[in-house]
Every structure is written in structure tokens, then in C-alpha cells.
Amino acid sequence: MSKMMFKTLAVIAAAAAFMIAGANRIAYAQGAAPSAAAAPAPAMEEPGTRSFKLVSVEVDGTKFWLPSVIAVEQGDKVKLTLENAVPGASNQHGFTLPEYNITEVVTRGTPKTITFTADKAGVFPYSCQLHPAHVGGSLIVEPKK
């Protein structure tokens, strides 16, 4: 698969993730159940907590975090479970979300959990601080209504 095709697929995947998140908000507003694909994780979570599992992967030599876009509302408590699934000699991959002062090193086979409150509205990039050339993602924090 060519790098251009891979990048195009990554952009399409990011757009799809954003659209699924929007569809879930509409479904909630209309009283319907959200789709399972973008639903927050288990019901055992504290009310108001949005949970996401982000997995670092490698495709055609490019490493990135999936999903590449996550969306929450301002004021939500966010729980990220980070998992490193990148093969190879190095068993560590980084995760940084600078606007929220989060920087972690995730070792393959040992997931890390991060919890924070999304108190700032905007679009905030996340990436790997250990491998800056790798593809990152975005946390979208919608303003509180």
C-alpha cells in the first residue's frame, strides 16, 4: 500500500470517527441508543466519564494512535486506556497531550490509564513524544452548552 493511499485512508478513518461521534450525540438527543462503535466503555464508569481505548499500531512502517479522533464535551471527565500494539525491538511508544500536560510512555503488554477533566474547549493534538515523525490524533472538546 503506498504512503499516499495510507494517508488518505487515515484521513477517511478520522472523518468517520468524527461523524460517528456526532451521530451518537444526535441519537442521545433524540432518545435513541448510540451505536456500539463509539459508545463509552462499561457502565461501571463514574457518571459523566467518557472512556476511550487508544491503541498504537504500525501499518506500512508508519506508527499512529487509533482512534485518531476522539470527541467529548467541555467538563467531561475523560478516561483514556493506552495500549501499545506496535511490534519490533522497541517495546515502548509515547503518548502526549500537551494542552492537558499529559506525557506517558506505554510499554507493550502493559496498558496505562489516564484520567483528566476536559476543561478547555478546542481541538488538541495528541502524538508520540518518543517518535515525533509518527502520525498523531486529536482530542475535540466541544464547548459546554
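Where is threonine 115 found? Threonine 115 turns up in strand S7, where strands (E, at least two residues) and helices (H or I, at least four) are DSSP runs numbered from the N terminus. The model is a predicted one, with local features needing pLDDT of at least 70, side-chain atom pairs counting only at pLDDT 80 or more, and totals for chains, interfaces and linings using all residues. Residue numbers start from 1 along each chain as its sequence is written, and side-chain values use heavy atoms, with hydrogens and water left out.

Threonine 115 has a relative accessible area of 42%, so it goes down as partly exposed; the cut-offs are under 20% for buried and over 50% for exposed, with partly exposed in between (1.4 Å probe, protein chains only). Leaving out neighbours within four places in sequence, threonine 115 is in contact with Lys77, Val78 and Lys79, contact meaning heavy atoms within 4.5 Å.

S4 and S7 are antiparallel and share 6 bridges, and valine 78 has phenylalanine 116 in S7 as its bridge partner.

At the other end of that order, S1 and S2 run antiparallel and are joined by 5 bridges. Serine 56 is bridged to tryptophan 65 in S2. The two strands make a hairpin with 2 residues between them, and aspartate 60 in the turn has a positive phi of about 50°. S2 itself is mostly covered, with 4 of its 5 residues buried.

A second open sheet has 3 strands in the order S3-S9-S8, again with mixed pairing. Here strand S3 (69-73) and strand S8 (122-126) hold the edges, each with a single partner strand, so one side of each is left without a neighbour in the sheet. Neighbouring strands are turned by 20° against each other on average, direction ignored. S3 pairs with strand S9 (residues 137-142) in the parallel sense over 5 bridges, and isoleucine 70 sits opposite leucine 139 in S9.

S5 and S6, meanwhile, pair in the antiparallel sense over 6 bridges, with phenylalanine 95 opposite glutamate 104 in S6. Their hairpin has 4 residues between the strands, and asparagine 101 there takes a positive phi near 50°.

The aromatic side of things comes to 4 pairs across the whole structure, a pair being rings of Phe, Tyr or Trp (its six-membered ring) with centres within 6.5 Å, called stacked under 30 degrees between planes, edge-to-face over 60 and tilted for the rest. Phenylalanine 95 and tyrosine 126 have ring centres 5.4 Å apart and planes at 35°, so this pair is tilted. Phenylalanine 95 belongs to strand S5 (residues 92-97) and tyrosine 126 to strand S8, so the pair ties together parts 31 residues apart in sequence. Phenylalanine 95 is buried at 1% relative accessibility, and tyrosine 126 is buried at 2%. Tyrosine 100 and phenylalanine 124 make an edge-to-face pair, at 5.5 Å centre to centre and 90° between the planes; both residues are buried. Trp65, Phe95 and Tyr126 form one aromatic cluster. Lysine 120 lies over the face of tyrosine 100, at 4.7 Å from the ring centre (the criterion being NZ of Lys or CZ of Arg within 6 Å of the centre and within 35 degrees of the ring normal).

Finally, the largest nonpolar core has 21 residues, of which Leu54, Leu80, Phe95, Leu97, Tyr100, Phe116 and Leu139 touch the most other members; such a core is a set of buried Ala, Val, Leu, Ile, Met, Phe, Trp, Tyr and Cys residues joined through side-chain atoms within 4.5 Å. S4 gives the largest share, 3 residues.

Notes: Two strands pair if DSSP finds at least two bridges between them. Axes are lines fitted to C-alpha atoms, for helices over the stretch in contact, and angles run from 0 to 180 degrees between N-to-C directions.
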